[in-house]
Amino acid sequence: MADNNQIGQTKIGPNYLRVFLTFARNSLVRDMMFRTNFLIESVSSLAWSSMNVGLYLIIFQYATSIGDATGWGKYEFFVFMGTTWIINAIVQAFFMPNIEEFSDLIRTGGLDFAMLKPIDTQFLISLRKVSWSSLANLLLGSVLIGFSISQLATRQGTPWSLPPSVFLLFPMYVLCGVAILYSLMICLAATSVWLGRNQTLYDFWFYITNFSRYPMEIYARGWGIPLFVAFTFLIPVLVVVNVPARLLAQPLAPKANWEWPLALFTLFATVLSVLASRWVFRKALLSYRSASS
Amino acid sequence: MAIISIENLSKSYRVYQKQEGLLAAVRGLWHREYRDVHAVRDVSLSVEQGEFVAFLGPNGAGKTTTLKLLSGVIYPSGGSANVLGYVPWKRENEYRRRFALVMGQKNQLWWDLPAQESFRLHEQIYRIPPEIFRHNLDELADLLAVQKLLGRPVRELSLGERMKMELIAALLHSPEVLFLDEPTIGLDVVAQHNIQRFLKYYQERRKITILLTSHYMKDIAALCKRVVVINDGAIQFDGSLSGIVDQFSSTQILRLQLAEGVSAEGLDRFASVESVELPKVTLRCNRQDVTRMLASILKQYEVADIAVEDPPLEEVIARLYEDHSSGGKYEAKTGEPSK
């Protein structure tokens, strides 16, 4: 057996990109085995999003913007909504099913196998499945943004125009938003290690992310202010959609003087969130008991 | 040098002591009583390269917990362990590339996909060079006779076939140390035998070190020269299978075939009679009395055939477990952590 021991003693780590591509490929193979299910999933999420557009079309028949003088008119808001879809689609396609499973793995002891592999356990847990059907909304979001921007660019008065840097910054901040949501999700799921069972995970997730779906201007008064502070500085979900969407939609012209500090803060919050998620994940593994066989 | 060395390894859990009844359950919301469960206590063990060692013990004895500690899946409460020069619970990639754990009751293959897709994933994760991957997969699939099943979704495989796939998944990266946790559980006799034969062949050929837990004495008798009996989290015995009988069984069994027309009456004067099915009689007596007893019996009865046997291993071990748990030596009842 000439090959015995050879693999064990090589020092090279796994090629994370290739592992991820294999995950993505296997997920696609599986999705294609259940094509009808795949189609239904895609169509139902597209239908849900389209109904949302319908709802806001109705609302904008009665109002010209969200709040007075906030600059969030109909098409600006649709850019915002498109950004929400893109971010949610990425989170749902790559992370949501895995992290949902993470709670189960903790409860059933299935985490054992993940911990045995010579690869970063958080990576393995976070990306093992890709839900391809969720990417339908990414497409739809891009179309909605494209259409709204073309409307803004040809409008009367102050037509929309952007520095080219935005096309780099927008994807970057979308990824920041994804990273923040991902970190939050990992932290929530990891609590299953201590709680044994955490079925309210999804509810809690829904309550928190609900706050991220609207322009932050709506929190400018009264009771909104403590919410604004909490969801910007404590759990930074408010910046997730707001920052990239503001870059693109430019609701305020000229820009207010807090826009750039907010953008910088978002970068800071992203790094901190990801580090926090790794810390919580490690702590969770330390307390992991593994279920009996 | 020992490939696995364990010293005073312990693992205890704090578990919430549930009380019966609604009132008690409500009280449990703010006042909880905990107790400590000692799943593994003070286990010391040393295994040399190329050994095939069996862990034997009743449910909840601490066998699986020990394997999980050695796999680095859980952290110990005390003691130390060293496998291949690594501390398992540090979970270094170098260590994790060199061992594998197979659990008979859990599976790691993608349920909806053919096993070969999961194998390819392992190829990437362990970074197995393609030619070695190909070679190992062919060899393992041939040995286990599952070449034709590689392309079939795992959910369509039988339990035995699935176990074979799990074994392949675990062995693709040529581990030097293999932990097997009840690999034949729930399998029929033929499938059990196939797996045993494979393990024996593979272990002898590759000279890898294997720790196996099983409830099937057949597994152990077929595979392992060395047996470690573990109960209540502690090691009770470490030696050969036949050594268990020598050490823990004080009796032997005499099988007599009486000559035609001879009655079994009066035999109970010599030893306790287990069964009488004339002309066959089975007796049990203390080990040290066997010779004396035989001489007396032969003097007074006409015997056609005679055999002296050790009691069945299962019986000896069952008694070993019982003696221990009824001894009341430990206050806390050891069990797997309740969820």
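In the predicted model, helix 7 of chain B covers residues 189-206 and has 18 residues. From its first C-alpha to its last, this helix reaches 26 Å. That span is close to the 26 Å expected at 1.5 Å a residue.

Four residues of helix 7 of chain B are buried: Gln192(B), Ile195(B), Gln196(B) and Leu199(B). Viewed down the helix axis, the buried residues fall within an arc of 100°, so they line one face of the helix. The buried residues pack against two elements of chain B, helix 6 (159-171) and helix 8 (217-223). The face turned away from this buried side carries exposed residues, namely Val190(B), Tyr201(B), Glu204(B) and Arg205(B). Just after helix 7, the backbone of chain B takes a positive phi of about 55° at Lys207(B).

Helix 7 of chain B also takes part in the contact with chain A. Here, 41 residues of chain B are in contact with 35 residues of chain A. By class, the side of chain B that touches chain A has 17 charged, 14 nonpolar and 10 polar residues.

Terms used:
Residues are numbered from 1 along each chain as its sequence is written. Chains are lettered from A and ligands numbered from 1 in the order in which they are written. This is a predicted model: local features need pLDDT of at least 70, side-chain atom pairs count only at pLDDT 80 or more; totals for chains, interfaces and linings use all residues. The expected span of a helix is 1.5 Å times one less than its number of residues. A residue is buried if 20 or more other C-beta atoms lie within 10 Å of its own, exposed if 12 or fewer, and partly exposed in between; C-beta atoms are placed from the backbone. The arc is that of the directions from the helix axis to the C-beta atoms. Two residues are in contact if their C-beta atoms, placed from the backbone, lie within 7 Å. Ala, Val, Leu, Ile, Met, Phe, Trp, Tyr, Cys and Pro count as nonpolar, Asp, Glu, Lys and Arg as charged, and the others, Gly among them, as polar.
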